[in-house]
Amino acid sequence: MAAVDIDVPVEMETQIHDVVDLERQAEGFKEQGNAFYCNKDYSEAFNYYTKAIDASPKTASYYGNRAATLMMLCRFREALEDSQQAVRLDDCFMKGHLREAKCHLSLGNAMAAGRSFQKVLELEPSNREALQENKNASTMMDLERMAESSFEKRDFRKVVYCMDRALGWASACHRFKILKAECLALLGRYPEAQSVASDILRMDSTNADALYVRGLCLYYEDCIDKAVQFFVQALKMAPDHQKARLACRNAKALKAKKEEGNQMFKTCNYEAARQLYTEALAIDPNNIKTNAKLYCNRATAGAKLKKLNQAIDDCSSAIKLDDTYIKAYLRRAQCYMDTEQYEEAVRDYEKVYHTEKTSEHKHLLKNAQLELKKSKRKDYYKVLGVAKHATDDEIKKAYRKRALMHHPDRHSSATPEIQKEEEKKFKEVGEAFTVLSDPKKKVRYDNGHDLDNDGGCDGRDFDANNIFRAFFGGQGGGFSFDSSPDNGNFFFQFG
């Protein structure tokens, strides 16, 4: 049969030629894009793939190529859109599904990534890359679940570990980065947390989660006013942001309660101040730095109330939260001094002096060391039962009382063991009186000097009976105690 000629309208013929030209032109742009891509000039490759798409917007491979370029530029959200457009145009485009899956994975959408990898494996069951990446997606989901459970248990180190592993695949996932940053802040690793949040804010200044974490770091560093500003900004971006709302409320309440406690302390209402600091401590257990200060403040109020053991406990709590908190060491050391726990005081003052070698800290350390040295000798003040600031008359009265109480003649009818013990105490009373009744010896004793080689009581030539007779004016001879028939007290007489 003879061929039949068909007349094609001129306009249609022109359109066909235009389409062919555009397709040829688009292919040329694609080839140029490929060249730039091979040379790792991804920005220029992106430009030419875009020109190819503009010339031929229905060609799936052009979107696939531009998606690959965007992935190399770490613009994964845009790459995801191009990949999805590519598979909408051609559902059998395996590379399109693979790139969509990789974008989901990089953005932290493990479940969506898994679905896309499955589609790749339907088209190409032996695709090794899809098989491996699908396992990675499954592992990422496990890590997410583990992180969520660990966060609820307040195991923030475990969360950071999980997020670090997940971010190895999901490098563009802001959600994972924010969770990691929040946990770093809760662990007191503020510079690391701030760095993560700041990186996100540089890319997206309106990211409410990053604003919240930035505020959280400031809040935990006791910069409460600045922290509130970030929390307020986060709430402007996301009015329903519950964490930012709670943190903002806690920050304001903590500041108000602490300031109220400080005001009570300034007016010498130490009991009220202590109660307010206690209430402030209950607001947010996670605020380590502020709570350390609150414990120290409560210790200061407790010391004013002579609750020294409780003050020591509070200082220890502050140091447990912040082991660099010099003020807490100083306060605890003073409380140790006041309770005569000199070894502990020396230890704290040494810690302070090694950290800050000031003349004041050196003086405090030397004073504690002196008191420790003095505490290891006989405490003549305790032997006589007088205070360290006792007057001469008080020392004499105390000696009179203790000497009569422990004189060997008074215990002549006691058992040998009791006689020996009382004789020892009688001698100690005499030693104590010999030193404390002599102004020069007393000064040297109070200053911690060794008296053994300076006319002190070394126990070799000392005779407590001579001291006793000299004090009571005796001239030797016998000495006896009798019991009064009226009140049972003892009186003595020399014979």
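Which two helices have axes that come within 9 Å, and at what rough angle do they cross?

## Helix pair α14 and α15

The two are helix α14 (residues 270-281) and helix α15 (residues 288-304), and their axes cross at roughly 160°. Axes here are lines fitted to C-alpha atoms, for helices over the stretch in contact, with angles running from 0 to 180 degrees between N-to-C directions. α14 and α15 are therefore roughly antiparallel to each other. Angles over 145 degrees count as roughly antiparallel, under 35 as roughly parallel, 65 to 115 as roughly perpendicular, and the rest as oblique. The crossing of α14 past α15 is left-handed: the near helix is turned anticlockwise from the far one by less than a right angle.

On the α14 side, Y270, R274, Y277, T278, A280 and L281 make the contacts. Their partners in α15 are N291, L294, Y295, N297, R298, A301, G302 and K304. Contact means heavy atoms within 4.5 Å.

## Basis of the model

The model is predicted: local features need pLDDT of at least 70, side-chain atom pairs count only at pLDDT 80 or more, and totals for chains, interfaces and linings use all residues. Residues are numbered from 1 along each chain as its sequence is written, and side-chain values use heavy atoms, with hydrogens and water left out. Helices (H or I, at least four residues) and strands (E, at least two) are DSSP runs, numbered from the N terminus.

## Salt bridges

The salt bridge count is 24. The rule asks for a side-chain nitrogen of Lys or Arg within 4 Å of a carboxyl oxygen of Asp or Glu. One of the pairs is R145 with D142, at 2.3 Å from N to O. Both sit in helix α7 (residues 128-152), three residues apart, so about one helical turn separates them. An α-helix has 3.6 residues a turn, so residues three or four places apart point the same way. R145 is exposed at 51% relative accessibility, while D142 is partly exposed at 36%. Buried means under 20% relative accessible area, exposed over 50%, and partly exposed in between (1.4 Å probe, protein chains only).

E144 pairs with R175, with the closest N and O atoms 2.8 Å apart. This bridge links distant parts of the chain: E144 lies in helix α7 and R175 in helix α9 (residues 174-186), 31 residues apart. E144 is partly exposed at 23%. R175 is partly exposed at 44%.

K378 and E431 form another bridge, at 3.1 Å between the closest N and O atoms. K378 is in the loop between α19 (359-375) and α20 (380-384), and E431 is in helix α22 (residues 416-436), 53 residues away. K378 is partly exposed at 38%, but E431 is buried at 4%.

## Helix α5

Helix α5 (residues 94-106) has 13 residues and should span 18 Å at 1.5 Å a residue; its end C-alpha atoms are 18 Å apart, which agrees. The expected span is 1.5 Å times one less than the number of residues. Eleven of the 13 residues are buried, among them M94, H97, R99, E100 and C103. Their cover includes α3 (60-72), α4 (76-89), α6 (110-123) and α7. G108 follows α5 and has a positive phi, near 85°.

## Lysine 180

K180 belongs to helix α9. It is buried, with 19% relative accessible area. Leaving aside neighbours within four places in sequence, K180 contacts V160, M163, D164 and L167.
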